[in-house]
Amino acid sequence: MNKTLKLKKNYEFKIVLTKGKYYSGKYLDVFVKTNNSSFNFIGIAIGVKIAKAVKRNRIKRLVRENYRLLEKDLKVGYNIVFLWKKKVDIKNATFSNIKEDMTSIFKRIGILE
RNA sequence: GAAGUAAAUUGAAUAGUCGCGUAUGGCAAAACCGAAAGGUUGCGUAUGAGGAAAGUCCGGGCUCCAUAAGAGCAAUGAUGCUGGAUAACAUCCAGUGAAGGUAACUUCAAGGAAAGUGCAACAGAAAAUAACCGCCUUUUUAGGUAAGGGUGAAAAGGUAAGGUAAGAGCUUACCGCAGAUAUGGUGACAUAUCUGGUCAGUGUAAACCCCAUCUGGAGCAACACCUCGUAAUUCCAAGAAGGUUAAGAUGCUCUUUCGUCUUCUUGGUUUUGGUGGCUUAAGCCUUAUAGUAAUAUAAGGAAUAGAUAAAUGACUAUUCAUGACAGAACCCGGCUUAUAGAUUUACUUUAUUU
C-alpha cells in the first residue's frame, strides 16, 4: 500500500485548475486531469477568506481522510484538486457529508470502480 | 450566606481499530524516483500545537546591505512624574500626584501654555486690552461699576463681614493660588512659617512647537552551500600591471582607513531542484541567601514539535457534559486583543449567630 501522494508545486496546481475537467458537488468542487504515471496525486486548496486556520485545517483533514478510505478503489493516473465551495457554510463540513459528496463525484467522473 | 476586589492554576478524560509528521538507524533487505545533488519505502521504538501558537504593536538575538572607526551638524521617528530592575523596551517593581469607589482597590500620553505661532464651531453682550441688560451718579449728556442675568467645554479666584452713590481684593478673616525660607526624603514631593491683592494674561501641546533622553536600513521568502543549464557578455569578487586625486564608501561636513579609472588572467552570478539555517534559549521550575518588590547570586531539577500545498485526524464505546477562543512556521522578552466552564488563595462591604 503506497502513501497518498500530494501535489506540491504551485504550477502543478495551476495546470490542474486551468486544464483539468471540472465537477461540482454539493460541498466540494473537484478538478481532474490525467497524468501519465501509475499513481494518483491529490491537492487540497481552501481559500484564506473562507475560514480561519483551525477550520481550514479541519476541512483539509476531513477531505484527506475520506480520500484515504476511498483510495484503494480508484483507478490510477489522475491529478485531483479539491476545493471547498465558497457559498457553503463551514458548519456542513462533517465527515459523513464529505463522504457522500466525494463518493458521488467520483462515480460521475467514472474513476471509482 | 450575599455582593464584590486582587492574584494564581486549568483549558474534557479513558480504552480500542485505522491513518499522518519528525527523530533513531534497533531489525530486515533490496528496490524505487531523479539529469544531478539528493530523496523515498517495511517493521519496531520514542515523540508530536497554545495560553494566547493570534494581532504584528514594541524591545533584542541572528543574517545581509563591498566595508569600517571617530567627531560635529541636521533630518526622521519614539519616549516623557520619581527611584530602581533588565540584554533591551513603550515592559516590570516600589513610590509621588490627580481622578473614581462606603471599602478591598482601580484608572492615568502625569515635562513646558509669561519662547513663539495657530485654533476655540454654535450659542453668548463679551472667548481675553470684556459694559448688552442691570445697578449708581449726573441731569440728558457723559461717567462709574464685574455684585446679578442667560449662553457655553471654558466667563476673569471662592465664602463671609466691613465698605460704597452703586460696586469691586477696595479692606479684613478663612480657604485656594504664586514665591521664598526651613525641616523630612536619593528623588517625585510632603509639612510648617513668612511674603504677595499688579493673584494682568481661559482652554488646547493624542495642534505646530520648545526642552531632555534615545534612534542606520531591510528581513529566515534573511542568508549560506550543492546540483543542472551556458544565451547575452551584463554584473560581482580576487590577483597582476599601468595611470591618477576628478568621483565614491552616511543626508551633510571633517579626520583616518579603504578605494576609484584602463588592460589582462582566474573564479562566480540569473534558471531548475535540493540541503542547511531549524531549535537549549539573556529560557523554565524548586530551594537558600540579599532585597518591601521587580530581580540578582548559588545549588539542584525537568528538559525531547520543527513542517514547507505545510504533520494531531476518522470511527466506536463510556463518563462529566454538549468542550469557549483558537493551529507552531527563525528564536527570545513583553504588550494588546479573543476566551465556555472549573478550581485555589488573600482581602473588602453587608446580614445573621456567638
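Me: Is Asn66 buried or exposed, and how is that read?

Reply: Burial is read from relative accessibility, and a residue under 20% counts as buried. This is a predicted model, and in it Asn66 has 2% relative accessibility, so Asn66 is buried. The residue belongs to helix 2, which spans residues 53-70.

Me: Which residues is Asn66 in contact with, beyond its neighbours within four places in sequence?

Reply: Contact here is a matter of heavy atoms within 4.5 Å. With those neighbours set aside, Asn66 is in contact with Phe95, Ile98, Lys99 and Met102.

Me: Met102 is on that list. What else does Met102 touch?

Reply: Apart from residues within four places in sequence, the contacts of Met102 are Leu28, Val63, Asn66, Tyr67, Leu70 and Phe82.

Me: Where does Met102 stand in the largest nonpolar core?

Reply: The general idea comes before the case. In soluble globular proteins, nonpolar side chains tend to be buried together. Here the largest nonpolar core has 24 residues, and Met102 is among the four that touch the most other members, with Ile80, Phe82 and Phe106. Two or more residues of this core come from each of strand 3, strand 4 (41-45), helix 2, strand 5 and helix 3.

Me: Where does Phe106 lie, and is it buried or exposed?

Reply: Phe106 is part of helix 3, residues 95-109. Its relative accessibility is 1%, so Phe106 is buried. The C-alpha atoms of Phe106 and Val30 are 9.3 Å apart, while 76 residues separate the two in sequence.

Me: How should I read a buried charge such as Asp101?

Reply: One looks for a salt bridge, which requires a side-chain nitrogen of Lys or Arg within 4 Å of a carboxyl oxygen of Asp or Glu. Asp101, also in helix 3, is buried and has no salt bridge. Arg108 has the nearest side chain of opposite charge, 6.0 Å away. Leaving out residues up to four places away in sequence, Asp101 touches Gly25, Lys26, Tyr27 and Leu28.

Me: How many bridges join strand 2 to strand 3, and in which sense do they run?

Reply: Strand pairing is read from bridges. Strand 2 (residues 21-24) runs antiparallel to strand 3, with four bridges joining them. The two form a hairpin, and three residues lie between them. Across this pair, Tyr23 is opposite Val30.

Me: Where does Tyr22 fall on the accessibility scale, and what does it touch?

Reply: Tyr22, in strand 2, has 45% relative accessibility and so counts as partly exposed. Not counting residues up to four places away in sequence, Tyr22 touches Asp29, Val30, Phe31 and Lys85. The side chains of Tyr22 and Asp29 make a polar contact at 3.1 Å. Tyr22 and Lys33 are eleven residues apart along the chain, with 9.2 Å between their C-alpha atoms.

Notes. Residues are numbered from 1 along each chain as its sequence is written. Chains are lettered from A and ligands numbered from 1 in the order in which they are written. This is a predicted model: local features need pLDDT of at least 70, side-chain atom pairs count only at pLDDT 80 or more; totals for chains, interfaces and linings use all residues. Side-chain values use heavy atoms; hydrogens and water are left out. Buried means under 20% relative accessible area, exposed over 50%, partly exposed in between (1.4 Å probe, protein chains only). Two strands pair if DSSP finds at least two bridges between them. Lys and Arg count as positive and Asp and Glu as negative; His and the chain ends are not counted. A nonpolar core is a set of buried Ala, Val, Leu, Ile, Met, Phe, Trp, Tyr and Cys residues joined through side-chain atoms within 4.5 Å. A polar contact is a pair of N or O atoms within 3.5 Å; within protein, one must be able to donate a hydrogen and the other to accept it, and residues adjacent in sequence count only if both atoms are side-chain atoms.
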